[in-house]
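Subject: Structure for you to look through

Hello,

Here is the structure I promised to hand over. Please open it first, then read my notes beside it.

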Amino acid sequence: MEKLLHVSSSPHIRSKAKTSSIMFLVVVALLPAACFGIWLNGPYAGAVLAVSIAASVLTEYIYEKLMRRAVTVSDGSAVVTGLLLGMNLPPQVPLWMPVLGSVFAILIVKQLFGGLGQNFMNPALAGRCFLMISFAARMTDFAVSDGTVGKIVDTVSGATPLAELKVTGAADTLSMFLGNTKGTIGETSALLLLIGGIFLVAVGIIDLIIPLTYIGSFAAFALIFSGHGLDFSFLAAELCGGGLMLGAWFMATDYVTRPITKKGQYVYGIILGILTGLFRIFGGSAEGVSYAIIFSNLLVPLIERLTLPGGFGIVKKKGGNRP
């Protein structure tokens, strides 16, 4: 009878999908928004993305070679990290900044904690937040140089529509939805990011729990606490502006840093929405998605502990479990 039993360590249920194929599909989903950012801001934005990706891949390769570990750059995770970091940068940052951000993201946040699957927060967002803290002026300057780049973006002001919305309470929502606005390279077109997110849902890479819970809880928070009442044009601009769509569909859903329990994912999405609302409405910055996701990543172990289902045949009671 004992020969019928095979005991092994978890996980006991495995997917046939490979990491490389998953990362390839994520890149495909991000490409429309990334290409639009290059078209909108010019070839230099493409250079920022290319340098960010190259620095991420090279950092992972060099570290793993030096540590005599198996080289994992072929799994595509470093490419996704570099692409996401580049898409979260202003189009005119000097090229040493995506290099520095990529090194921090891959080396400090990912590899020093054990590599893919062991990082405690999203590496791309950690790199962006590191650059935001270190070089705030450069990371919030979205002005476009006249005659150098830009087909639609004007050269008058470096303020994003979300920053203008925070000050004036009004914005061109249609332009924000389509992407004809200032912002980081990959966040301007809510439409293309939404299409990319729906593509990931359609191919089974992510589900709708975290994105919809995140967006829905943020929308409820904004309607209640923004001071604009039931102003749905204001709400639409908040949803289309900044990195909300990029964060909700592509970074909050990261397999490694999100909860694995279904209840935990609902809780996670609600916390994301509330934190983003707090940072945007009551904070000094018009943004807030990056810090909201980073803080929520840190809460994931606690969320999973509180939402972990009981074992089969175990009844949870005060004072402990009993069969």
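**Notes on the model**

Start with N88: leaving aside neighbours within four places in sequence, N88 is in contact with L125, R128, M139, T184, L246 and M251. Contact means heavy atoms within 4.5 Å. N88 sits in the loop between α3 and α4. N88 is buried, with a relative accessible area of 3%. Buried means under 20% relative accessible area, exposed means over 50%, and partly exposed lies in between (1.4 Å probe, protein chains only).

This is a predicted model, so local features need pLDDT of at least 70 and side-chain atom pairs count only at pLDDT 80 or more, while totals for chains, interfaces and linings use all residues. Residues are numbered from 1 along each chain as its sequence is written, and side-chain values use heavy atoms, with hydrogens and water left out.

**The whole protein**

The secondary structure comes to 14 helices and two strands. Helices (H or I, at least four residues) and strands (E, at least two) are DSSP runs, numbered from the N terminus. The protein has 323 residues, and 47% of them count as buried. Take the contacts with a separation of 6 or more: residues 24 or more positions apart account for 72% of them. The accessible surface is about 15,900 Å², and 68% of that belongs to carbon and sulfur atoms. Accessible areas come from the Shrake-Rupley method with a 1.4 Å probe; for residues, only the protein chains shown count as cover.

Helix α10 covers residues 209-225, which is 17 residues. From first C-alpha to last it reaches 24 Å, close to the 24 Å expected at 1.5 Å a residue. The expected span is 1.5 Å times one less than the number of residues. The buried residues of α10 include I209, Y214, F218 and F221. Which helices do the buried residues of α10 pack against? They pack against α11 (232-240), α12 (244-251), α13 (262-282) and α14 (289-307). After α10 comes G227, with a positive phi near 85°.

E238 lies in helix α11. Is E238 buried or exposed? E238 is buried, at a relative accessible area of 7%. Beyond four places in sequence, E238 is in contact with L162, L165, F218, L244 and R280.

**T160**

T160 is in the loop between α6 (136-139) and α7 (161-168). UniProt, in an unreviewed entry, places the feature "modified residue: FMN phosphoryl threonine" at T160. UniProt positions are given in the numbering used here, feature names are shortened, and annotations may be inferred rather than shown by experiment. T160 is buried, with a relative accessible area of 12%. Leaving aside neighbours within four places in sequence, T160 is in contact with F142, K182 and G183.

R68 is in the loop between α2 and α3 (77-87). R68 has a positive phi of about 55°, although it is not a glycine. R68 is exposed, with a relative accessible area of 81%.

L112 is in the loop between α4 (96-110) and α5 (123-134). Not counting residues up to four places away in sequence, L112 touches Y63 and L107. L112 and Y63 are 49 residues apart along the chain, yet their C-alpha atoms are separated by 9.4 Å.

Best wishes
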